[in-house]
Amino acid sequence: MVGGGGGGQRVATMLPYLVKTLRKESIRPSNRTLPSLRRTFSLYDQINLIDTVPEDQLRFQWYGDAGFTVNGVKYEGSLLVVENKLMTWVPKTFSEITPESLSVFKILRPVPEILILGCGRHIQPVSPQLRQFICSTGMKLEAVDSRNAASTYNILAEEGRPVAAALLPYGVAS
């Protein structure tokens, strides 16, 4: 080998030094540590309560056993949010949520991309008839407890996504 033997040998002698240096670099603490899940959820909740959204955008600020606070106004009972409009909603319990209670989605155009269904304190199984009705409108369904439904609505609305929410108060247990 003409002229090539010395370079390879030099690289071979430098390799242990390079590996040692890289190990020292990776051991050194950095600011890229991931927070624990507990920390992530607490940050998520705090971020959701910050009022830094346009005034004309509806934003859930508080939830309770009897209702919600939206843009500084307290509402008691169930709420339906469609196209940045807020309406009182008839169902008082999860069993009262029917295709008829969501009939506004039969005529609403454009149809929201997703309906967030706030089931009250606990997630409830959605009946096949209700699920089929929601799918027939062209919406996707996300059924969660009302606390997470309000937070999810805030995030999706802030992103500019076409979203609707139908929420029972958090105090509703079934």
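A salt bridge is here a side-chain nitrogen of Lys or Arg within 4 Å of a carboxyl oxygen of Asp or Glu. By that criterion Arg-59 forms a salt bridge with Glu-158, the closest N and O atoms being 3.1 Å apart, and a search of the whole structure finds 4 salt bridges. This is a predicted model, in which local features need pLDDT of at least 70, side-chain atom pairs count only at pLDDT 80 or more, and totals for chains, interfaces and linings use all residues. Residues are numbered from 1 along each chain as its sequence is written, and side-chain values use heavy atoms, with hydrogens and water left out. Helices (H or I, at least four residues) and strands (E, at least two) are DSSP runs, numbered from the N terminus.

**Salt bridges**

- Side chains of opposite charge can pair when their charged atoms come close.
- Burial is assigned from relative accessible area: buried means under 20%, exposed over 50%, and partly exposed in between (1.4 Å probe, protein chains only).
- Arg-59 counts as buried at 2% relative accessibility, whereas Glu-158 is partly exposed with a relative accessible area of 47%.
- A salt bridge also joins the side chains of Glu-113 and Arg-161, at 2.4 Å from N to O.
- This pair too links distant parts of the chain, 48 residues apart: Glu-113 is in the loop between helix 3 (104-107) and strand 6 (114-118), and Arg-161 is in the loop between helix 5 and strand 8 (163-167).
- Both partners are partly exposed, Glu-113 with a relative accessible area of 29% and Arg-161 with 33%.
- Arg-161 forms a further salt bridge with Glu-159, where the closest N and O atoms are 3.5 Å apart; Glu-159 is exposed, with a relative accessible area of 51%.
- Through shared partners, the salt bridges join Glu-113, Glu-159 and Arg-161 into one network.

**Helix 5 and its ends**

- Helix 5 (residues 146-158) has 13 residues and reaches 18 Å from its first C-alpha to its last. This is close to the 18 Å expected at 1.5 Å a residue, the expected span being 1.5 Å times one less than the number of residues.
- Residues buried in helix 5 include Ser-146, Ala-149, Tyr-153, Asn-154 and Leu-156.
- Asp-145 caps the N-terminal end of helix 5, with a side-chain oxygen 3.2 Å from the backbone nitrogen of Arg-147.
- After helix 5 comes Gly-160, whose phi is positive, near 85°.

- Gln-57 is placed in the loop between helix 2 and strand 1 and counts as buried at 14% relative accessibility.
- A polar atom of the Gln-57 side chain lies 3.5 Å from the backbone oxygen of Ala-157. A polar contact is a pair of N or O atoms within 3.5 Å; within protein, one must be able to donate a hydrogen and the other to accept it, and residues adjacent in sequence count only if both atoms are side-chain atoms.
- Leaving aside neighbours within four places in sequence, Gln-57 is in contact (heavy atoms within 4.5 Å) with Asn-71, Asn-84, Asn-154, Ala-157 and Glu-158.

- An open sheet is formed by 3 strands in the order 1-2-3, with antiparallel pairing; two strands pair if DSSP finds at least two bridges between them.
- Strand 1 (60-63) and strand 3 (73-76) stand at the edges, each with a single partner strand, so one side of each is left without a neighbour in the sheet.
- Strand 2 (residues 67-70) pairs with strand 3 in the antiparallel sense over 4 bridges, and Thr-69 stands opposite Lys-74 in strand 3.

**Strand 6 and Ile-114**

- Strand 6 runs parallel to strand 7 (residues 140-144), joined by 5 bridges; the bridge partner of Leu-115 in strand 7 is Leu-141.
- Both faces of strand 6 are covered, with Ile-114, Ile-116 and Gly-118 buried on one side and Leu-115 and Leu-117 buried on the other.
- Ile-114 lies in strand 6 and has a relative accessible area of 15%.
- Ile-114 and Met-139 are 25 residues apart in sequence, yet 5.0 Å apart in space, C-alpha to C-alpha.
- Beyond neighbours within four places in sequence, the contacts of Ile-114 include Lys-140, Glu-142, Leu-156 and Val-163.
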